[in-house]
Amino acid sequence: MSEYSNHLLSGSIGSEAEALATVKEYPEAVAYLPDQFMTEDVLYTALSLKVETFKLVDEQYYTDRLIDKLLFDLPITIESIPKSLINRDVFVRQIEKDGRWLRYVPIDFRDVDLCLLAIKSNIEAHEYVPPIAQTSKYLDELIVLDPTKVSQVSVENRSPIIMLKLLKDNYEILKWIP
C-alpha cells in the first residue's frame, strides 16, 4: 500500500484543507478520500495535476461545473473525462465562453448550429469549421459577421440577398470581393 493510502486510512485527514494539501502532493490520493472531502476544489486539483487520476474518480463526482472548469482551463482533459459525461451541452457551454474551443470538439459533433455558435462567439473559430458544416446558412452568417471573409466564400456560395444587404450597409465590402 502506498504512503498516501496509509496516511488516509489512518484517519489523519480531518478537513477539506488537509485533503487538498494531500492531493497537491499525491494526486492519486483522491481515490482514498472519504466522500465528504470529494469537493470540487479537491477533485479539480487532483485531476488537473495528473491525468491518471481520472481513472480513480467515480463518475458520480463529476459535476457539470467541474467538467466545465477542467475543459476550459485544460482542454486536453477532454480525452480523459469519461465519455458518458461528454455531450453536446458540454461543448455548447465551452463554445459560448470562447468559440475557438471548437477545435477540441470531435469532428462528428461539429454540426452547423454548433459551428454558428462558435463563430458568433469568436470569428476566429471559422478555421476549425469542417467543410461539411459550411452550408449556405453558415456561409451567409460568416459573411454577415465578418465581411472580410467574403473572399473565402466562392462566388456560387454567396447569397445575392446577403451580398446586396452588405453592399447597401457598407460599400467598402467591395475591397474584399475578389
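In this predicted model, begin with helix α4: its buried residues pack against α3 (40–49) and α5 (88–97). Select residues 64–73 to display α4, and then highlight Leu66, Ile67, Asp68, Leu70 and Leu71, which are buried.

Next, select Asp64 together with Arg93. The two form a salt bridge in which the closest N and O atoms are 3.8 Å apart. This pair links distant parts of the chain, since Asp64 belongs to helix α4 and Arg93 to helix α5, 29 residues apart. Asp64 is partly exposed, at 48% relative accessible area, and Arg93 is also partly exposed, at 23%.

Remain on α5 and select Arg88 with Asp111. Their salt bridge has its closest N and O atoms 2.9 Å apart. Arg88 lies in helix α5 and Asp111 in the loop between α5 and α6 (112–121), so the pair ties together parts 23 residues apart in sequence. Both partners are partly exposed, Arg88 at 32% relative accessibility and Asp111 at 31%.

Finally, select Lys137 and Asp113, whose side chains meet in a salt bridge at 3.3 Å, N to O. Because Lys137 lies in helix α7 (residues 136–145) and Asp113 in helix α6, this pair ties together parts 24 residues apart in sequence. Asp113 is partly exposed, with a relative accessible area of 45%.

How many salt bridges might one display in total? The count comes to nine, and the pairs visited here are among them.

Definitions and conventions: Residues numbered from 1 in each chain as written. Predicted model: local features only at pLDDT ≥ 70, side-chain atom pairs only at ≥ 80, totals over all residues. Heavy atoms only, no water. Buried < 20%, exposed > 50% of the residue type's maximum accessible area, 1.4 Å probe, protein only. Helix = DSSP H or I, 4+ residues; strand = E, 2+ residues; numbered from the N terminus. Contact = heavy atoms within 4.5 Å. Salt bridge = Lys/Arg side-chain N within 4 Å of Asp/Glu carboxyl O.
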